[in-house]
Amino acid sequence: MSSAQPSPAGMRRDYTEHGPLLESSLAADWPAQFAAWFAEATAFGLPEPNAMIVATAAPDGRPSARTVLLKGYDSTGFVFFTNYESRKGSEAALNPYASLVFPWFPMQRQVIVAGPVERVSRAETEEYFASRPRGSQLGAWASPQSTVLSGRDAVDAGLAAAIERFGDGPVPAPPHWGGLRVRPETVEFWQGRSNRLHDRLRFRAEGSSWVVERLAP
């Protein structure tokens, strides 16, 4: 058996799943286009089509990225929920801009979003929190997200404390936990094509309207 390590430089796959993505085939606006692609990603059977990479940056410009789950979208933007005291929550407060990437690689597609970040209303947070499984509700109280811990025992102890605190009663949304909305300034629909000559069509806000631009691959 060979012990040679795989070489990333030699990994190649030509993207031939789709024909051309043309301006004339786009929906009238980015929410409708995203809804169509999201429905296709769900029907395709991707494990978590709502998984997205969220990139934020500290005030000094140092970036960080992680994968989270989209929990809502409409014409105002894309919503996810987090601990506001986590790294992403803190960076979003201090430098309120973010980028999102939906990496639908098996479909040879991506959607890339960029824009300012804002907190959703407390009512919206509480409505979503009430819909979460009880274990996830307790977990929001149990974990001081992004802080350094002594070991896994600290996580288990946090959960035990939350269980003892709330017993069999309702679990409210923690005050340090809630939703963030990324309000798009750009939404790019990327579709793989042969020879790395991919199609990239971007909706860009221009005043109160949107323009569609084709980006070089």
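Is Arg109 buried or exposed? With 7% relative accessibility, Arg109 counts as buried, where buried means under 20% relative accessible area, exposed over 50% and partly exposed in between (1.4 Å probe, protein chains only). The views below come from a predicted model, in which local features need pLDDT of at least 70 and side-chain atom pairs count only at pLDDT 80 or more, while totals for chains, interfaces and linings use all residues. Residues are numbered from 1 along each chain as its sequence is written, and side-chain values use heavy atoms, with hydrogens and water left out.

View 1. Arg109 sits in strand E6 (residues 109–119); helices (H or I, at least four residues) and strands (E, at least two) are DSSP runs, numbered from the N terminus. Look for the polar contact between the side chains of Arg109 and Gln191, at 2.9 Å. Such a contact is a pair of N or O atoms within 3.5 Å; within protein, one must be able to donate a hydrogen and the other to accept it, and residues adjacent in sequence count only if both atoms are side-chain atoms. Beyond four places in sequence, Arg109 is in contact (heavy atoms within 4.5 Å) with residues including His18, Trp37, Glu40 and Trp190.

View 2. Arg13 counts as exposed because its relative accessibility is 51%, whereas Tyr15, at 23%, counts as partly exposed. Leaving out residues up to four places away in sequence, Arg13 touches Gln108 and Arg196; the partners of Tyr15 include Gln108, Trp190, Arg196 and His198.

**View 3. The largest pocket and its lining.** This pocket holds about 310 Å³ of space. Its lining has 16 residues, with Phe81, Thr82, Arg132, Gln145 and Trp177 nearest its centre. Here a pocket is an open set of points on a 1 Å grid over the protein atoms alone, where a 1.4 Å probe fits, with protein on both sides within 12 Å along at least five of seven lines; lining residues have an atom within 4 Å of a point. Strands E2 (63–69) and E4 (77–83) and helix H4 (134–142) each supply at least two lining residues.

Key: Grid points are joined across faces, edges and corners, and a volume is the space filled by probe spheres set on the points.
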